[in-house]
Amino acid sequence: MDFVQYGLGRWLHILAGILWVGLLYYFNFVQADALKAAQADGTAGGITKHVVPRALLWFRAAAVVTWLMGAMMLGDKIDEAFLFKERAYIPIGVGAWLGTIMLFNVWVLIWPNQKKVLGLTPATDEEKAAARKTATLASRTNFILSIPMLLCMGGSTHGLPF
């Protein structure tokens, strides 16, 4: 069980986390501006039809796997981390809470609204505009939260820089 929990689980947590945060940065730094340019010249259809849904699928899956593997590694100490019961668990607890908020944003705010924007769920133009704003705000929030989350997650074993 130790190998699965701390060996395989840790690597899956790290790899899924890299994929999750990497796609988060891709959406915020690359895709947002690229879609604006593609919409301006009428070529956005291929991106929104083929690239975005696939990237969002990997994004959602990576978020779940990252969170589940993190919870598995915490094991029976999950309550110490989330409830800050011991001083040693404060950095990982803060990181776990930030990751949990980010997971919530992915599944409750970003994905349902992106389905409207992409036309996967019926929506009026006004609903699509509101959905785009909500999804963008949640995505930008996740981007901001990712930096302290990564510091806390790495800092729990390697020491925080402050």
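Which element gives the largest share of the lining of the second largest pocket?

What we have here is a predicted model, in which local features need pLDDT of at least 70 and side-chain atom pairs count only at pLDDT 80 or more, while totals for chains, interfaces and linings use all residues. Residues are numbered from 1 along each chain as its sequence is written, and side-chain values use heavy atoms, with hydrogens and water left out.

Let me start with the overall layout. The chain has five helices and zero strands, where helices (H or I, at least four residues) and strands (E, at least two) are DSSP runs, numbered from the N terminus. The pattern along the sequence is therefore written α-α-α-α-α. The C-alpha trace spans about 55 × 30 × 25 Å along its principal axes. Of the 162 residues, 36% are buried, and by that I mean under 20% relative accessible area, with exposed being over 50% and partly exposed in between (1.4 Å probe, protein chains only).

Now to the pockets. On a 1 Å grid over the protein atoms alone, a pocket is an open set of points where a 1.4 Å probe fits, with protein on both sides within 12 Å along at least five of seven lines, and lining residues have an atom within 4 Å of a point. A volume is the space filled by probe spheres set on the points, which are joined across faces, edges and corners.

The largest pocket has a volume of about 810 Å³. It is lined by 30 residues, and His 13, Met 73, Ile 92, Met 153 and Ser 156 are the closest to its centre. Two or more lining residues come from each of α1 (2–40), α2 (44–74), α4 (90–117) and α5 (125–158), and α1 gives the most, with eight residues. By class this lining holds 17 nonpolar, 11 polar and two charged residues, where Ala, Val, Leu, Ile, Met, Phe, Trp, Tyr, Cys and Pro count as nonpolar, Asp, Glu, Lys and Arg as charged, and the others, Gly among them, as polar.

The second largest pocket holds about 510 Å³ of space. Among the 20 residues that line this pocket, Ala 32, Leu 35, Gln 114, Arg 132 and Thr 136 are the closest to its centre. To return to my opening question, the largest share of this lining comes from α1, with seven residues. The lining divides into 10 nonpolar, seven polar and three charged residues.

Next, please look at α5. Its 34 residues should span 50 Å at 1.5 Å a residue, and the end C-alpha atoms are 49 Å apart, which agrees; the expected span is 1.5 Å times one less than the number of residues. After α5 comes Gly 159, with a positive phi near 90 degrees.

Finally, Phe 84 lies in the loop between α3 (78–82) and α4. Most residues other than glycine have a negative phi, yet Phe 84 has a positive phi of about 55 degrees. At 37% relative accessibility, Phe 84 counts as partly exposed. The next residue, Lys 85, forms a salt bridge with Asp 79, their closest N and O atoms being 3.0 Å apart; the term requires a side-chain nitrogen of Lys or Arg within 4 Å of a carboxyl oxygen of Asp or Glu. By this rule the count is one salt bridge.
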